[in-house]
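Okay, thanks for having me, everyone. Let me put the structure up on the screen, and then we'll walk through it together.

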Amino acid sequence: MGFRRFIFFCLFFLTGLGQSLFSDDFTLAPSNVRETMEKMFAYHVENREFSPIVVRRSFKVYIQQFDPERLYLLKGEVEGFLSIDNRMVNQVIRDYRYDRFPAYAQLNQAIQKAIARQQKIRQEVVGKILREGPAVLSQPLPDEDYDYAKNSKELYERVYFRLIRDMKYSLKKKGVSDPSPELLKKILIFRESKVTLSEQSYLPQESEELNNHYLTLHILKAMAKSLDAHSGYYSPKEAYEIRANLKKEFSGIGVVFREDFDGIYVADLIQGGPAHRSQQVEIGDALMGLNGQSVTEMHFEEVLDLMKGGSGSKVTLQLQKQKTKEQHTVQLVREKIVMNDDRLSVEFEPFADGVIGKINMPGFYDNGADVSAEKDLREALRTLRNHGKIYGIVLDLRENSGGFLTQAIKVSAMFINGGIIVVSKYADGEVSYARDVDGRHYYSGPFAVLISKASASAAEIVAAALQDHGAALIVGDERSYGKGSMQYQTLTDERATSFFKVTVGRYYTASGRSPQITGVKSDILVPTIFHPYNIGERYLEHPIASDQLTGEVFGSLNKVKKGSFRDREAISVPYLAPHPSEWRQMLSQLQANSQERLSKDRNFQFFLKIAEGYRPKRTGFQSRRESVVSNYGAEDLQMKEAVEIVKDMALIYKLNN
């Protein structure tokens with residue numbers, strides 16, 4: 001387990017959510033700003049108009065989107081935009097009503113000047129590094145300063161040390177410890193091409209129409225992001241990428257391409273895809289050409305766009321073998337690819353005359369046909385039963401950052417005996433709810449849900465529903481991520497004319513609690529790799545406030561009699577507290593057992609020391625990661641403890657009955 005899947009995984013069809021000058025065949029105009037924002041204001045849970053607070057935030061976000069690492073703009077250049085007075089705020093609002101945005105154009109002009117200065121600084125810095133040669137990599141690096149530089153000299157030093165950091169990182173990834181001057185030059189040229197590309201959308205374009213397009217795009221992104229931490233505006237390309245990730249399928253040949261200073265290469269093959277089946281494409285192959293065109297002078301984003309196409313269409317790759325440097329051509333036919341690597345997986349371990357199931361659910365996905373989290377979970381339960389009686393289950397949501405709400409509801413409903421799963425409250429005060437009405441259990445034995453600070457959104461809905469109904473105990477970090485808001489989005493509508501996501505309300509658990517900011521609290525604390533880090537809604541810019549359902553609203557919802565379940569008392573959930581199920585009644589004993597086990601577990605105690613900053617001594621040529629692994633092994637310590645907790649639940653239940 002690790003950050004690998006928590007950080008957004010980018011395949012060739014998921015190129016990230018940055019700007020691209022190559023793929024989006026659409027044009028924006030200043031009039032689209034107010035048109036789009038008024039739609040978002042109409043939905044938003046808190047910000048219903050272009051208010052002074054949104055204005056001030058939008059300038060801050062505009063600057064952060066361009067210069068997140070503060071390598072371009074000087075402190076004196078941003079202060080006027082970060083602390084605008086009331087007169088300027090009112091003028092910006094008046095201009096907005098008439099589709100005029102001179103203040104944002106002025107900011108963009110300041111950015112253009114900063115780019116010109118930075119390009120000159122980079123040219124000087126690259127020359128200095130090349131003169132110093134590989135010895136430059138051995139000098140100590142200062143701590144990074146996250147305030148804006150006061151002058152050009154500070155900016156120069158910041159760029160100089162950032163380039164050295166980037167070179168060291170690139171060499172480490174390649175496993176190169178003694179680079180030649182030629183290799184350093186190659187890395188610097190590659191990096192310059194990537195940085196220059198990222199600057200292009202802020203610079204003057206070849207036509208006024210394109211100038212207006214990119215200015216409008218940056219304004220829309222800044223204003224939308226100013227509403228709250230989860231609202232946003234997206235280009236058609238970005239919407240396509242998000243759709244593919246949610247549906248877990250795309251049309252392609254099943255190749256994962258990556259790029260570094262050596263060029264574009266095959267980083268992975270999707271099992272069963274056209275490239276894998278052909279046996280003519282290998283990991284490490286360099287991509288030299290595409291459909292008869294050389295890619296050596298192409299930007300990576302251009303190549304990725306050329307790779308896209310509908311099922312049944314053909315694509316021709318010119319590849320070069322990593323070792324022999326021999327080149328060959330292979331023609332492949334695109335087809336529907338299902339991303340099984342990011343779907344549910346199930347394992348088990350023997351216990352008594354049956355098994356303990358370990359189900360990893362990385363997301364709540366649904367392609368609208370035969371692939372969904374709920375269907376995969378049903379199949380996992382069937383698989384476990386084929387191996388014997390299920391004595392316990394651990395549902396792993398540690399790196400699950402959400403997905404489709406409908407899937408979260410269906411998954412929760414499989415384990416509760418009727419009743420409310422989640423309550424939604426909108427900006428106008430309207431309250432709605434989703435409940436399980438069939439009352440059937442697909443499993444009702446010892447059950448633990450394993451969470452972390454990275455478990456968010458739909459994952460928190462499931463964890464909270466199972467906790468409130470007493471169906472499962474929550475194990476893991478002290479709390480989950482803390483996203484308790486709902487978004488209306490047009491991203492999954494391929495026919496939409498604009499793509500945005502806007503926060504329309506808050507959701508609440510069956511007991512009336514909101515996980516917004518606070519998250520879902522664990523019943524049994526078993527720290528994960530995320531526990532030392534500041535991860536969560538509370539650390540984001542502009543999160544919406546947390547609250548809870550009033551007792552009046554909670555009472556009215558629970559008087560609604562809908563569905564066919566026999567024992568109303570057995571499934572009722574108290575106000576702001578979980579249902580006191582048999583699992584919760586043994587909680588103090590389970591907590592004590594777990595605490596004792598972990599205190600005696602040398603591996604787990606060493607894991608905690610590492611998380612607190614301890615670094616063991618390395619031997620020989622060990623990397624830091626290898627020195628850590630050699631001390632406490634590569635075993636999943638949190639899953640191991642969650643399984644022990646479930647075993648305790650099974651044993652205590654047997655003793656009590």
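Let me start with a question: is E238 buried or exposed? Keep in mind, by the way, that what you're looking at is a predicted model. So, E238 has a relative accessible area of 2%, and because the cut-off for buried is under 20%, E238 counts as buried.

Now find S235. A polar atom of the E238 side chain lies 2.9 Å from the backbone nitrogen of S235.

Okay, let's zoom out to the whole chain. There are 21 helices and 19 strands in it.

What about the inside? Of those 657 residues, 50% count as buried, and E238 is one of the buried ones. Then contacts: take the ones between residues at least 6 apart in sequence, and 75% of them join residues at least 24 apart.

Last stop, the surface and the charges. The chain exposes about 31,300 Å², with carbon and sulfur atoms supplying 49% of that. As for charges, we've got 87 positive and 84 negative, and their mean positions are 2 Å apart.

How values were computed
Residues are numbered from 1 along each chain as its sequence is written. This is a predicted model: local features need pLDDT of at least 70, side-chain atom pairs count only at pLDDT 80 or more; totals for chains, interfaces and linings use all residues. Side-chain values use heavy atoms; hydrogens and water are left out. Buried means under 20% relative accessible area, exposed over 50%, partly exposed in between (1.4 Å probe, protein chains only). A polar contact is a pair of N or O atoms within 3.5 Å; within protein, one must be able to donate a hydrogen and the other to accept it, and residues adjacent in sequence count only if both atoms are side-chain atoms. Helices (H or I, at least four residues) and strands (E, at least two) are DSSP runs, numbered from the N terminus. Contact means heavy atoms within 4.5 Å. Accessible areas come from the Shrake-Rupley method with a 1.4 Å probe; for residues, only the protein chains shown count as cover. Lys and Arg count as positive and Asp and Glu as negative; His and the chain ends are not counted. The place of a charge is taken as NZ of Lys, CZ of Arg, CG of Asp or CD of Glu.
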